[in-house]
Amino acid sequence: MSTTAWILTVGFTALVLLGVPFAFAIALSVIAVLLVVGIEPMLLPQTLVAGTQSFSLLAIPFFMLAGELMLAGGLSQRLVRVAEVFVRHLPGGLGLVVVLAALVFAAVSGSAPATTAAIGAVMIPAMAERGYDRAYATALVVSAGVLAPLVPPSIAFVIWGVIAEQSISKLFLSGVVPGMLMTIGMVVLIVVKALREKPQRESRAGWRERLAALREGVWALLAPVVVLGGIYGGAFTPTEAAVAACVYALLVGVVIERRLRWRDLPGIVYRAMSISGVVMAVVAVSSGFGFLVAQEQLATKLALWLSTQFESRWSMLLALNLGFFALAAVMDEIAIMVILGPMLISIANQFGVDPIHFGAMIVTNVAIGMATPPIGYCLFVGMAIGGVGLWPLSRAIAPFILMMLVVLMLVTYVPSVALLLVK
């Protein structure tokens with residue numbers, strides 16, 4: 001192994017284990033290589049700038065902002081209300097409300113943390129008041145929140161599309177069926193638990209109450225229609241759709257709902273930019289990491305080595321999934337995608353895996369990673385909102401993680417699951 005490879009792997013791993021934030025760990029590893037190998041240090045700032053000069057990446061801060069505007073403007077509460085009046089009387093009714101509301105919210109924000117926070121803020125206290133175990137309520141919200149990477153418009157697919165240089169619109173479509181399979185899996189788990197434990201059922205809403213909820217929630221329900229209809233109707237690109245989502249959420253929150261005040265905007269923008277800044281920092285510094293990987297041909301060498309270790313595509317994909325899942329449990333998922341992306345793509349090409357199918361597999365794994373202990377990002381969002389510890393939440397979320405892994409295997413070994421809607 002070359003000096004560059006040693007520093008990038010061992011050095012980076014050591015820094016992460018010492019608790020250094022991922023963006024800084026990547027940057028320090030790159031700087032160490034530049035100094036030791038004797039490469040011009042100006043390479044780092046140049047790659048920092050180059051790594052963020054993609055029009056598609058603009059979608060990330062705008063979708064984050066759209067999610068914050070929807071939450072502050074009351075649209076997330078409207079979505080929950082609409083879902084509640086239609087399914088609350090069914091077995092596990094409040095759990096079903098969580099899943100349905102998360103699906104619609106994710107179709108506007110594209111962000112798992114934003115979806116988890118928006119739905120969790122409303123539903124975790126409501127479920128706890130009705131006698132649901134708080135750890136279970138939090139686990140359900142986290143699991144529903146991580147549908148966002150698979151539901152268009154997904155920030156994770158935007159990032160992978162930039163890394164793999166693939167059509168973001170096609171990647172969006174590749175996540176629809178896996179997302180629906182996870183949704184069905186959650187519904188089954190919720191209903192089975194409700195039938196076994198027989199919690200108190202909610203009353204059935206009358207049609208007058210349902211129509212009233214629909215009237216009040218019509219603007220919230222139209223948000224995903226505007227965003228997704230615009231993308232697939234050819235009116236605007238995914239990045240432009242993110243801007244449209246922000247404008248729509250702002251107008252509805254200020255003019256129609258009147259819950260959003262102009263003086264609230266600085267705080268809303270600050271929260272959205274804080275989350276976006278973390279993601280973009282990882283993307284930026286990882287470009288230098290990727291340059292050194294490409295210069296040393298580490299991705300090609302790893303792909304060739306794997307081709308000698310695994311004779312079949314079946315075994316190679318299993319190994320990649322296991323490795324990615326293990327890393328996702330202890331590392332930031334965006335960092336894994338950006339750092340390992342070139343290597344993963346080279347390996348997929350070596351075995352002739354369709355790039356859109358491979359993207360769906362990677363993002364499905366990313367979605368699971370966001371809910372996987374010990375450091376899944378959405379786990380900590382849920383813990384903060386639900387006021388539960390990591391261990392109770394880990395036990396409660398285990399059945400959902402197992403179900404998601406079954407879906408991952410289907411996505412991996414049945415390509416049509418990902419490619420069914422891709423033309």
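Reply: Helices α4 and α13 are roughly parallel to each other (angles under 35 degrees count as such). The model is predicted, with local features needing pLDDT of at least 70 and side-chain atom pairs 80 or more, while totals for chains, interfaces and linings use all residues. Residues are numbered from 1 along each chain as its sequence is written, and side-chain values use heavy atoms, without hydrogens and water.

Me: At what angle do the axes of α4 and α13 cross?

Reply: Axes are lines fitted to C-alpha atoms, for helices over the stretch in contact, and angles run from 0 to 180 degrees between N-to-C directions. Here the axes of α4 and α13 (residues 238-256) cross at roughly 20 degrees and come within 8 Å.

Me: Which residues of α4 make the contact with α13?

Reply: Contact means heavy atoms within 4.5 Å. On the α4 side they are A59, F62, F63, L65, A66, L69 and M70, and their partners in α13 include P238, V243 and L250. By class, this contact of α4 with α13 has 15 nonpolar, 1 polar and no charged residues.

Me: How is α4 placed against α6?

Reply: Helix α4 (residues 59-72) packs against α6 (residues 93-109) at about 135 degrees, the axes being 8 Å apart.

Me: Is S29 buried or exposed?

Reply: Buried means under 20% relative accessible area, and exposed over 50%. S29, in helix α2 (residues 22-37), is buried, with a relative accessible area of 2%.

Notes
Helix = DSSP H or I, 4+ residues; strand = E, 2+ residues; numbered from the N terminus. Parallel < 35°, antiparallel > 145°, perpendicular 65-115°, else oblique. Nonpolar A, V, L, I, M, F, W, Y, C, P; charged D, E, K, R; others polar. Buried < 20%, exposed > 50% of the residue type's maximum accessible area, 1.4 Å probe, protein only.
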